[in-house]
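Please look at the structure before reading on.

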Amino acid sequence: MLRATLLSVLLLLTAASAAAGLRRPALDDAMLTSGAAFGLPADTRVPTSREAVFSLDEDMQAFVAAATQDSSEPLTRLKRLLAAMTELGLFSLDYSLNTTLTARATFRKRRGNCLSFTLLFITLARAAGLDASYQIVDVPPQWSDEGNLIVIGRHIDALIALPHNGEYVVDFNEAQFQTNYRRRVVSDDHALALFYNNVGAEALIRRDYTRSFLYLRAAVGIDARLSAAWANMGLLYRHIGRPALAEAAYQKALSVDSRNGSALTNLATLYTELGETELAAEYRDRVHRYQLSNPYYHFMRAKQAYGRQQFDDALHNLHNAIRLKRDEPRFYDLQARTYAELGRDRQAEKSFRRAKDYAD
């Protein structure tokens, strides 16, 4: 299998959860998406159309035709398409995390991030007559050494349904692919909203605020339940010095997903800047409570302790991680290595077996 990951918020943040916010700003969705803060007419369109995101050019059509000629059976077409893409180097793209490109641009430039690759593959697969769908995979959070969460959004890959041959997953990122993660097929509209959110986030990083707004507005216009796009819009408004709009966007993100770590953490920061010390403290407390309830936070702390050769502390944190999630092989692998460092060989062997069982 080949693998793929989805970019999202692109910021180093602390994870959090909790109910939606402690207060409701007197600003509605229409104010957030009006464009007035950027001097834009309400009908200003996003620079990249839906057709431009998903369509093929003549070179791509010729590539698919050459790859799948004289093959009427879907499984054969899939194998030939994968082989042709491999030969052309499309499975070894110049990976660029902060570059989300359309299917055509990815094919032409041979670079992009994993969402770019998934767009490209599904576009080519459908041109080959295959039943290809976007599939979201709920992967664990990624913790930094300082105990923060790098918010990279969800994982995305392609699901191919073949008559009489079952389903195949084409996934660009082996590190993110595990069959025991929850997976669900999503619509093309949702994939387009993810594309617009990514491009909006990338424009925000470049401080191209007007472009960022247009893409983020397009994202929530397609899928108003895309919490990450509302959180990014909050960050955008904070960058341009509009705290009331930023607060409203963060609160909207939380109304959609009360566990959006980006929105909660940035609200704590925003309230600190505004002198709202009680609100800021409450949000920081919610961040901490989420950390303690998240098995991957304890796993991160165990890795830190293991690196410092504090093996008893590592085992304590691994116990908490396993108590919260008993089927993660990485927890048992680190537990086995920790037991081995302490000379507790029988326990190490038992943990290694459990790691193997869950990995299998």
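Is Asp70 buried or exposed? Asp70 is exposed, with a relative accessible area of 77%; buried means under 20%, exposed over 50% and partly exposed in between, with a 1.4 Å probe and protein chains only. The model is predicted: local features need pLDDT of at least 70, side-chain atom pairs count only at pLDDT 80 or more, and totals for chains, interfaces and linings use all residues. Residues are numbered from 1 along each chain as its sequence is written, and side-chain values use heavy atoms, without hydrogens and water.

**Positive phi**
- Asp70 sits in the loop between helix H3 (58–68) and helix H4 (74–88) (helices are DSSP runs of H or I, at least four residues, strands are E runs of at least two, numbered from the N terminus).
- Phi of Asp70 is near 60°, a positive value in a residue other than glycine.
- Most residues other than glycine have a negative phi.
- Arg110, in the loop between helix H5 (103–109) and strand E3 (111–112), also has a positive phi, near 60°.
- Arg110 is partly exposed, at 27% relative accessibility.

**Helix H15**
- The 13 residues of H15 should span 18 Å at 1.5 Å a residue, and the end C-alpha atoms are 19 Å apart, which agrees; the expected span is 1.5 Å times one less than the number of residues.
- Buried residues of H15 include Phe331, Tyr332 and Gln335.
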